[in-house]
Amino acid sequence: MRVPIVRPDLGTEEAEAAARVVRSGWVLQGPEVAALETEFAAAVGAANAVAVSSGTAALTLTLRALGVRPGDEVVTVSHSFIATANSIATLGARPVFVDVERDTFGLDPQRLEASLTPRTRAVLCVHQIGLPCDIEAIGDIARRHGLPVIEDAACALGSEVCIAGVWQRIGRPHGVAACFSFHPRKIVTTGDGGMVTTHDGALADRLRLLRNHAMTVSPEARDKDPFAREAFTEPAYNFRLTDLQAAIARPQLRRLDASLAERRRLAAGYTAALAHHPVLAAPVVRDNALPNWQSYPAIIRSSLTGAGDATVREQDDLLRWFDARGISTRRGLTNAHQEPAYAGRDNFAAGPLPVSEILRRTTVFLPLFHGMTREEEATVLAALRELS
């Protein structure tokens with residue numbers, strides 16, 4: 001038996017949903033997409049939801065719709081999947097990287113204000129691996145400077161924050177928009193795909209325009225009226241989600257609460273196992289945050305105790321150790337500023353990023369997914385007991 005890092009939760013319901021769409025003869029964006037948008041908005045407490053082809057598309061379209069242009073700056077984190085930085089750079093704008101908080105993996109509000117310049121157009125924060133960032137503090141600073149906040153919530157479907165004593169799901173949103181991914185490692189997957197949620201109806205309308213070549217007549221409307229005359233109002237792309245994908249997502253979304261409960265149970269087991277572990281430490285979660293545990297980041301303990309700074313070699317040795325026991329793990333998140341697309345180039349700005357660089361080489365992701373069998377869970381826990 002091998003324990004995978006993730007296993008998508010796809011079964012009979014998803015197969016039947018896909019078959020329903022195939023039999024309908026309509027596989028492009030259509031009624032299934034519209035239904036998913038309504039259901040997704042309700043699940044996170046948003047006024048509007050707009051389905052798109054990927055989480056990257058969600059970020060890029062939102063930045064464009066908010067007016068980010070070549071030469072603008074967008075403050076974000078380097079410690080994230082590369083799509084966060086790329087969504088800015090591919091618009092001709094300049095990512096400005098701010099370091100992250102060690103506990104939350106999220107943008108450090110204490111470092112935010114110093115990164116703002118007259119060219120700053122927006123703040124793009126990340127609820128990394130399902131751990132909510134300090135969205136309240138980030139939002140307060142951005143509002144003082146008249147800047148919109150976009151939440152990269154690619155990993156955070158079902159995560160919650162407590163604001164003014166009220167628990168609220170990420171995606172409400174708490175900025176102007178939140179962007180989600182349906183990649184196979186996410187809690188709900190369509191193979192690939194994404195969603196933007198927003199309280200701004202005008203922004204939602206513009207996103208719907210831009211996802212479809214900026215065409216004034218939607219595919220559904222044109223099908224109903226073949227004589228409708230469309231216009232293409234500006235250069236744009238095809239960033240649509242298909243009905244096949246949307247149909248697969250809908251049963252998973254209905255199971256969201258059960259999936260979250262299972263993930264939180266698994267995470268609690270890991271956290272207990274790592275409480276006094278000699279090698280790995282559990283992540284720390286703020287009192288006002290409830291993660292969905294899209295991933296479980298264990299931290300090499302020597303980097304926390306002052307006994308020495310863990311190296312890339314130690315991280316790789318741990319990955320190999322788990323692999324030899326049939327357990328798939330992954331190293332920590334990448335840092336965009338250390339990747340060839342950015343390292344040594346002048347297409348970004350950054351202050352010192354010591355926490356991002358430490359986390360890159362001291363984080364090990366353990367397998368965690370709803371649908372994990374008791375045998376798989378026991379295998380990982382036994383390996384943690386053996387590791388010393």
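Me: In the hairpin of strand 6 and strand 7, which residue takes a positive phi?

Reply: This is a predicted model in which local features need pLDDT of at least 70, side-chain atom pairs count only at pLDDT 80 or more, and totals for chains, interfaces and linings use all residues. Residues are numbered from 1 along each chain as its sequence is written, and side-chain values use heavy atoms, with hydrogens and water left out. Strands (E, at least two residues) and helices (H or I, at least four) are DSSP runs numbered from the N terminus. The hairpin has 2 residues between its strands, and the residue with a positive phi, near 55 degrees, is Ala164.

Me: How many bridges join strand 6 to strand 7, and which residue stands opposite Cys162?

Reply: Two strands pair if DSSP finds at least two bridges between them. Strand 6 (residues 160-163) and strand 7 run antiparallel and are joined by 4 bridges. Within this pairing, Glu160 stands opposite Arg169. The residue opposite Cys162 is Trp167.

Me: What is the order of the open sheet of 3 strands?

Reply: Strand 7 (166-169) and strand 11 (289-290) are the edge strands, each pairing on one side only. Strand 6 pairs with strand 11 in the antiparallel sense over 2 bridges, and Val161 has Ala289 as its bridge partner there. The pairing in this sheet is antiparallel and the order is 7-6-11.

Me: Are the residues Glu160, Val161, Cys162 and Ile163 of strand 6 buried or exposed?

Reply: In a regular strand the side chains alternate between the two faces of the sheet. In strand 6, Glu160 and Cys162 point one way, and Val161 and Ile163 point the other way. Relative accessible area (1.4 Å probe, protein chains only) sets the classes: under 20% is buried, over 50% is exposed, and in between is partly exposed. By that rule, all four of these residues of strand 6 are buried.

Me: Why is one side of strand 10 and of strand 13 left without a neighbour in the sheet?

Reply: The sheet concerned is open, with 4 strands in the order 10-12-15-13 and antiparallel pairing. Strand 10 (280-281) and strand 13 stand at its edges, so one side of each lacks a neighbour; the reason is that each has a single partner strand.

Me: Which residue in strand 12 is the bridge partner of Ala281?

Reply: Strand 10 runs antiparallel to strand 12 (residues 296-300), and 2 bridges join them. The partner of Ala281 in strand 12 is Ile299.

Me: Which residue forms a salt bridge with Glu32?

Reply: A salt bridge is a side-chain nitrogen of Lys or Arg within 4 Å of a carboxyl oxygen of Asp or Glu, and the count by this rule is 23. The closest N and O atoms of the pair are 2.8 Å apart, and the partner is Arg20. The pair links distant parts of the chain, 12 residues apart, with Glu32 in helix 2 (residues 31-44) and, in helix 1 (residues 12-24), Arg20.

Me: Which residue forms a salt bridge with Arg64?

Reply: Arg64 counts as buried because its relative accessibility is 17%. In this salt bridge the closest N and O atoms are 3.0 Å apart, and the partner is Glu234. The pair links distant parts of the chain, 170 residues apart: Arg64 lies in helix 3, and the loop between helix 7 (219-224) and helix 8 (243-254) holds Glu234.

Me: With which residue do the side chains of Glu234 meet in a further salt bridge?

Reply: Glu234 is partly exposed, at 24% relative accessibility. At 2.8 Å, N to O, the partner is Arg206.

Me: Which helix gives the most to the lining of the largest pocket?

Reply: Helix 3 (55-65), helix 4 (83-89) and strand 13 (330-331) each supply at least two lining residues. With 3 residues, the helix that gives the most is helix 3.
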